[in-house]
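Student: I have a structure open and want to learn to read it. Can we go feature by feature?

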Amino acid sequence: MEEFRRSYSRLCKDSGAEPQEAVLKQLHDLREGHRKNKLDLATQSLSVDTCGALGKLLQNDILFSMVLLSDCMMSEEGSKLLIQGLCSNTVVKYLDLKGNNLRAMGAEALGKLLRQNKSIQSLVLEWNNLGMWEESFSLFCEGLRANTTLQQLDLRNNQINHKGAEELAMALKNNSTLQDIDLRWNNIGLLGGRAIVNCLSNNKTLRKLELAGNNIPGDVLKAVEQAMDHNLDRQVSLQENQNRTYVLSKEVQNLKEEKSKQFLNLMDTIDKQREEISRNCRTSAVRVSQLQEALNERHSIINSLKAKLQMSEAALALSEQKVQDLSELLTTAQKEQINLSQRQSKELQLEQQEAADRESKLLKEVASSNERNMLLRSQVDELERKSKTQQERLFLTKQELTNITSELKLRLTQAEERLEMEKRRFKQSLEDSENLRLKEVEHLTRRMEESERSLQERIQKLETVRISLEEEVNRVKKAILAERSQAEEEMIKAKSQVRLEMQQRVTHLEEKIRLISQARDEAQEYCLQQKQAVTESQTKNNQMSLQMEAVRRQLEELQKYFPQ
């Protein structure tokens with residue numbers, strides 16, 4: 001506010017004029033007050049320089065949303081400069097120019113303001129002379145026709161005649177935002193009143209039109225009042241329809257959000273299931289690798305046993321070679337014994353033949369030779385017993401080795417078969433679970449898409465019904481306006497008929513709303529069904545986890561059966 005005050009003083013000095021003390025005092029009071037968004041200079045006499053400075057300041061001002069300049073006794077030039085400054089303002093919503101004797105230049109400036117300004121919603125022009133110059137007032141009406149933001153307009157005591165009223169009626173015919181206009185205490189008359197009544201058939205937004213003190217007949221005022229009532233009823237019904245459509249769209253949006261949340265939750269559960277399955281796959285892969293390592297260790301043990309078996313076979317072959325050598329020695333000893341016996345028999349015969357005296361010596365030698373033979377035979381028997389025991393031991397070791405190798409081979413084959421079966425079972429269960437999960441996901445996505453399509457179709461049908469109802473309402477209202485223009489009696493009858501029809505249509509709309517609520521309940525039931533489907537998928541997931549637990553237990557049993 002202080003910046004605004006300093007800028008005002010600087011602009012006045014730049015133009016060679018002194019700033020008005022009353023304006024400075026008022027701006028100082030506004031700075032200390034609570035309403036800092038309101039520029040109140042009412043009843044302050046404003047010079048041309050002050051108006052020019054204020055116009056320049058208000059061009060880009062963002063402080064004031066209300067500007068009160070009533071009874072400021074501005075000149076034509078000052079009001080023009082001030083209004084031109086407001087043309088580019090984007091903040092002011094309320095403008096009060098009451099009692100400033102605005103005439104031709106003021107009306108032209110106001111027309112330009114209404115064409116260019118996009119923020120003013122309420123404009124007070126009471127106690128001015130805008131209607132005295134028809135050309136200037138027509139420019140003002142053209143600006144009003146092009147305006148898209150003004151909602152309230154006060155034109156009391158502006159000397160508007162029937163021609164000005166006709167220009168104003170032409171502007172109201174094309175204006176679609178003005179809701180309240182006050183034309184009391186002018187000179188509109190019968191012709192102006194009829195022109196305003198004729199324009200109201202095209203204006204559907206005007207809700208309040210004051211025409212008291214304009215020498216307008218009562219029937220015209222009554223027609224204006226009925227048109228205002230009709231517009232008010234139309235806006236109320238339109239507002240109700242908009243509220244209903246907003247509620248329906250809100251419900252549909254809520255349903256969509258719930259569906260999307262359910263779908264996201266379902267996708268989260270599916271992702272979690274995927275993570276659990278992948279985790280289980282990783283753990284099973286780790287366990288399979290551990291089993292594979294255990295099998296490799298078993299293979300290495302078996303290979304070491306095979307090497308030991310080969311070594312024992314080599315030792316057995318060496319022992320057999322030794323037995324063969326001993327048998328050869330035994331045969332040579334037997335041959336030597338035979339040769340000795342033959343020699344001894346020959347010697348005995350020779351000795352018997354030679355002399356009998358050597359008989360005793362020969363008998364002694366025979367006895368000694370017999371003793372040697374007995375010793376040799378006992379040695380041979382011991383060697384044979386040792387060879388037999390070694391052969392028996394070798395045979396038992398061979399049997400034990402063959403039994404151990406057969407048992408190890410059987411266990412290895414059984415373990416490999418079990419491992420292959422477990423691998424096949426695990427792969428099959430994983431493939432089945434993955435296929436089931438993919439089928440469930442596709443089924444659920446298909447259901448979600450079908451439900452979304454059905455909801456969109458229902459929404460489109462409801463939109464078409466709403467549009468058709470609006471068209472019917474428009475047609476009915478046009479027919480009612482046409483009948484009203486003919487006569488008052490026919491208008492009363494048509495009004496009763498229209499009320500009956502509106503009641504029927506309201507009941508029909510209520511019936512449709514009831515059907516829509518039923519559809520919403522059906523959609524909620526469908527959501528419950530989908531929730532049940534999700535719970536079923538969770539139970540299936542639990543079953544899969546139980547199956548995985550069983551496979552895990554089998555793997556643990558295998559690990560117990562084949563410890564590392």
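Predicted model: local features only at pLDDT ≥ 70, side-chain atom pairs only at ≥ 80, totals over all residues.

Student: Let us start inside. Which residues have the most contacts inside the largest nonpolar core?

Tutor: The general idea comes first. In soluble globular proteins, nonpolar side chains tend to be buried together. Here the largest nonpolar core has 67 residues. Leu125, Phe140, Leu153, Leu183 and Leu209 have the most contacts inside it. Another core, of 14 residues, lies apart from that one; Ile277, Leu412, Leu419 and Met548 are among its members.

Student: What is Leu125 in contact with, leaving aside its neighbours within four places in sequence?

Tutor: Its partners include Leu97, Leu102, Leu110, Leu130, Phe140, Leu153 and Leu155. Asp154, Arg156 and Asn158 are in contact with Leu125 too.

Student: Next, rings. How many aromatic pairs does the structure hold?

Tutor: Two. To read a pair, take the distance between ring centres and the angle between planes. Planes over 60 degrees apart count as edge-to-face. The rings of Phe4 and Phe64 have centres 5.1 Å apart and planes at 85 degrees, so this pair is edge-to-face.

Student: Where do Phe4 and Phe64 lie?

Tutor: Phe4 is in helix α1 (residues 2-14), and Phe64 is in the loop between α3 (48-59) and β2 (66-68). The pair therefore ties together parts that are 60 residues apart in sequence.

Student: Are Phe4 and Phe64 buried or exposed?

Tutor: Both are buried.

Student: On to charges. How many salt bridges does the structure hold?

Tutor: The number is 16. Glu76 and Arg103 meet at 3.6 Å, N to O. Glu76 lies in helix α4 and Arg103 in the loop between β3 and α5, so the bridge ties together parts 27 residues apart in sequence. Glu76 is buried at 16% relative accessible area, whereas Arg103 is partly exposed at 33%.

Student: Which salt bridge links distant parts of the chain?

Tutor: Take Arg520 and Glu251, whose side chains meet at 2.8 Å, N to O. Arg520 is in helix α11 (residues 488-561) and Glu251 in helix α9, 269 residues apart. Arg520 is partly exposed, at 28% relative accessible area. Glu251 is partly exposed as well, at 23%. Salt bridges can share partners too: Lys98, Glu126, Asp154, Arg156, Asp182 and Arg184 are joined into one network in this way.

Student: And Asp154 with Arg156: how far apart are the closest N and O atoms?

Tutor: They are 2.8 Å apart. Asp154 and Arg156 are both buried.

Student: Last, the surface. Which residues form a nonpolar patch there?

Tutor: Ile301, Leu305 and Ile404 do, with about 230 Å² of accessible area together. Ile301 belongs to helix α9 (residues 218-354). Its relative accessible area is 44%, so Ile301 counts as partly exposed.

Conventions
Residues numbered from 1 in each chain as written. Heavy atoms only, no water. Patch = residues over 30% accessible without salt bridge, like charges linked within 9 Å, V, L, I, M, F, W, Y side chains within 5 Å. Areas by Shrake-Rupley, 256 points an atom, 1.4 Å probe, with all protein chains shown as cover. Salt bridge = Lys/Arg side-chain N within 4 Å of Asp/Glu carboxyl O. Helix = DSSP H or I, 4+ residues; strand = E, 2+ residues; numbered from the N terminus. Buried < 20%, exposed > 50% of the residue type's maximum accessible area, 1.4 Å probe, protein only. Core = buried A, V, L, I, M, F, W, Y, C linked by side-chain atoms within 4.5 Å. Contact = heavy atoms within 4.5 Å. Phe/Tyr/Trp six-rings, centres within 6.5 Å; stacked < 30°, edge-to-face > 60°.
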